[in-house]
Amino acid sequence: MDQNNIDKVTAVIFSFDDEICSELISSLKRTTSIHQILVVSGESKININADLIIESKHLFGSETLKKINNATDSTYLILIICDRKIEIEESGLSKLISYAQSTNASWIYSDFHESTEEKDEVHYLIDYQYGSIRDDFDFGNLILISTKEFNKASENLLTSEKKLNYSALYDLRLSISRHASIIRLQEPTYRCGKSRNDLSTKLFQYLDPQNRSIQREYEKVVTQHLKEIGALINAESTKEIEFEEKSEIEASVIIPVKNRAGTIKDAINSALKQKPKFSFNVIVVDNYSNDGTSEIIKKISASDQRVVHIIPERKDLGIGGCWNEALFHPICGKFAVQLDSDDLYSDENTLQKIVDKFYDEKCAMVIGSYKLTDYNLKQIPPGIIDHREWTPENGPNNALRINGLGAPRAFYAPLVKEIQFPNVSYGEDYSMGLAISRKYRIGRIYEPIYLCRRWEGNTDALLSNEQENKNNFYKDFLRTNEIKARQQINRKRT
């Protein structure tokens, strides 16, 4: 390497807008730390003043990484996702480089300023954990990478038999994480315009059927990563459940609720309208509602003995804690079936379909599919959410890449009482699904049997940056623990 290039940086800009990209290049050319500017673009005719333009149909594909790898001799690469206006000053770059040197980290990212016409605020990110292997981890728009590690990871990626069109950067990140540090600098080092993605887009874009080929590619990458770190589960070896004969109460619909006066009646009636061939009840865990919800539940339970109204003694319960209250109630059935307090079963056969699936596949958990609606039950995009990225062959492994497993969820109650839900109000279902899939079979129903209302009262509606970070950090924490548990299982087997 040229001695003059030590601690110099090659900027690699993934361009989605020529005008914004040109503005960024002009700024970078005034920055002494920048040794070289490469632009990756899908346009065949692009008029940008860069040192090298890499034309690629697949911006984050393996062929693109190969060209980047062959084009630079700097100490560091700085990858910039240029899908919005970005401003980077010399001082910000210097902080990133200094932090990389002092920590010996190979992948550095930082918080940033986010600007709109109304305000300018710091957009905080979260720290990378061992289990942060989901493909949508938010690194912001700028990542500093050691060129040495980039080269090493790229060579490992590109000498394999696979050719990646969409997930090569994801593969690169996981590869680096296996032997080097990924660290967040907890201060803003650059400035961005407002993100173009809204919450609903972020929540459901990976479920678009048009993206399934992309999802399969990402699945291959995470599967290889889990194999490399000794955390891969053989789905064919998961245990079957040998159920006893039908019990007095075969199934219990579980509804944790707090302050849903506008929807709780619809939810309970949806459960009561079920017409299975077995006995069931509805356990409503009322977590100290104060908006009239309690009175509605009390009135319904007084007229129908199948409705059990529970008010816990404890006042510190999250949704997971409410589930535990229901599971340990003396009249909880063999199967515990989810129904959120603002959702509905799609028809009177939902409960029967779920229980049939338990017996047919001898599984410990069943997950259905749902239709997304507005408050008035009118279907809204993207419509049916069936989570077909779950496959019987690899579902337990792919579950660590994605952020949720689907709905409605149902559980074999005796097993779940052994595991128990974490006492939280976000990720409790994901935690249980991961723990079950580690050892037991999960059955899937791919037809919509559930209506999921999206409205301003949802727990994931209009989340602040702080709350979204808290949620994501917790799920990464769950993934970390789950990966370690799976590694331990595999070590014992060998």
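Is Phe 243 buried or exposed? Phe 243 is buried, at a relative accessible area of 17%; the cut-offs here are under 20% for buried, over 50% for exposed and partly exposed in between, with a 1.4 Å probe and protein chains only. Before going on, keep in mind that this is a predicted model, where local features need pLDDT of at least 70, side-chain atom pairs count only at pLDDT 80 or more, and totals for chains, interfaces and linings use all residues. Residues are numbered from 1 along each chain as its sequence is written, and side-chain values use heavy atoms, with hydrogens and water left out.

Back to that ring. Phe 243 pairs with Tyr 359: their centres sit 5.2 Å apart and their planes are at 65°, so this is an edge-to-face pair. Rings of Phe, Tyr and Trp (its six-membered ring) pair if their centres lie within 6.5 Å, and planes under 30 degrees apart are stacked, over 60 edge-to-face and the rest tilted. Phe 243 is in the loop between helix H7 (212-228) and strand E10 (251-257), while Tyr 359 belongs to helix H11 (residues 350-361), so the pair ties together parts 116 residues apart in sequence. Helices (H or I, at least four residues) and strands (E, at least two) are DSSP runs, numbered from the N terminus. Tyr 359 itself is partly exposed, at 24%.

The structure holds 21 aromatic pairs. Another edge-to-face one joins Phe 411 and Phe 421, at 5.5 Å centre to centre and 85° between the planes. Phe 411 is buried at 1% relative accessible area, and Phe 421 is buried at 6%. Elsewhere, ring pairs link Trp 107, Tyr 109, Tyr 128, Phe 137 and Phe 139 into a cluster.

Now for some helix packing. The axes of H8 (residues 264-272) and H9 (residues 293-303) come within 10 Å and cross at roughly 25°; axes are lines fitted to C-alpha atoms, for helices over the stretch in contact, with angles from 0 to 180 degrees between N-to-C directions. That makes H8 roughly parallel to H9, given that angles under 35 degrees count as roughly parallel, over 145 as roughly antiparallel, 65 to 115 as roughly perpendicular and the rest as oblique. On the H8 side, the contact (heavy atoms within 4.5 Å) is made by Ile 264, Lys 265, Ile 268 and Leu 272, and on the H9 side by Thr 293, Ile 296, Ile 297 and Ile 300.

Last stop: Ser 41, in strand E2 (residues 34-41). Ser 41 is buried at 1% relative accessibility.
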